[in-house]
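Dear colleague,

Please open it first, and then read on for what was found in it.

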Amino acid sequence: MHLTRLSALAALMMISGLASAEVRIEGPVEFGVFEGPKAELQSGERVLRRSNEQIQATTVVPAKLGTKFGLRYQLLGKVAEDTPLTLLYFTPGIRTADGQRHDKFEVTQKLVPGAPQDVMAYEFTESHEVVPGEWRFMVFQGDRLLTQKSFYRALNRYSHGVVGLRRFDIAFSSYAKSRRRRYLSRATRCRWMQRF
């Protein structure tokens, strides 16, 4: 009798474990800037894009309207009625036209078992969205973190990664030479960095 109860309990636990299967990421997570049409957009304009665009692997995002960046990944174990995904977009602080500051956007996405890949992306469509700083993307299912990635919007309109830092280094070193000082105070360096 005790053996029958134990085997029935084990079978019940196995069935409940299968019913609450959790999704997992299969393979590498692609990240970076989606290579889309090279159109010059005005604030509020959008361009229709394909779902299978190539991704340029980078964590530095150019400051240009129409730039789309984010993650593309493949999930295994998706069940339509399972716990949906929660996509968290942490921004460097977007101020909308009405003056409100947004540090986080949260999107709930249902699981689609037939979809070969899932995407978490953001596209600059308004000029107030193109702010410098860190953008952090996090994908959760319930309270389980599936993946995360940080992106950095370049500090000035000229920079594409290292180019902006080179401009700063050249200007700063010429300033230091003109003052015949090798080392300058941190406050002076911060003032110079704000110019670029």
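How many bridges join strand 5 to strand 6? Eight bridges join these two strands, which run antiparallel, and strand 6 covers residues 101–109. Please keep in mind that this is a predicted model, in which local features need pLDDT of at least 70 and side-chain atom pairs count only at pLDDT 80 or more, while totals for chains, interfaces and linings use all residues. Residues are numbered from 1 along each chain as its sequence is written, and side-chain values use heavy atoms, with hydrogens and water left out.

Strands here are DSSP runs of E with at least two residues, numbered from the N terminus, and two strands count as paired if DSSP finds at least two bridges between them. Within the pairing of strands 5 and 6, Ile94 has His102 in strand 6 as its bridge partner, and in the hairpin, which has five residues between the strands, Gly99 takes a positive phi near 90°. Strand 5 is also joined to strand 8 by six bridges, again antiparallel, and there Tyr89 stands opposite Phe137. Because eight of the 11 residues of strand 5 (residues 85–95) are buried (under 20% relative accessible area, with exposed over 50% and partly exposed in between, using a 1.4 Å probe and protein chains only), this strand is largely enclosed by the rest of the structure.

There is also an open sheet of four strands, with the order 2-1-4-7 and antiparallel pairing. Strand 2 (55–56) and strand 7 stand at its edges, each with a single partner strand, so one side of each is left without a neighbour in the sheet. Six bridges join strand 4 (residues 68–76) to strand 7, and Gly70 stands opposite Ala121 in strand 7.

Turning to the aromatic rings, Phe, Tyr and Trp (its six-membered ring) pair if their centres lie within 6.5 Å, and planes under 30 degrees apart count as stacked, over 60 as edge-to-face and the rest as tilted. By this rule the count comes to 12 aromatic pairs. One of them is the edge-to-face pair of Tyr122 and Phe124, with 6.2 Å centre to centre and 70° between the planes. Tyr122 also forms a tilted pair with Trp135, at 4.9 Å and 45°, which links strand 7 (residues 118–123) with strand 8 (residues 133–141), the two residues being 13 residues apart. Both Tyr122 and Trp135 are buried.

With kind regards
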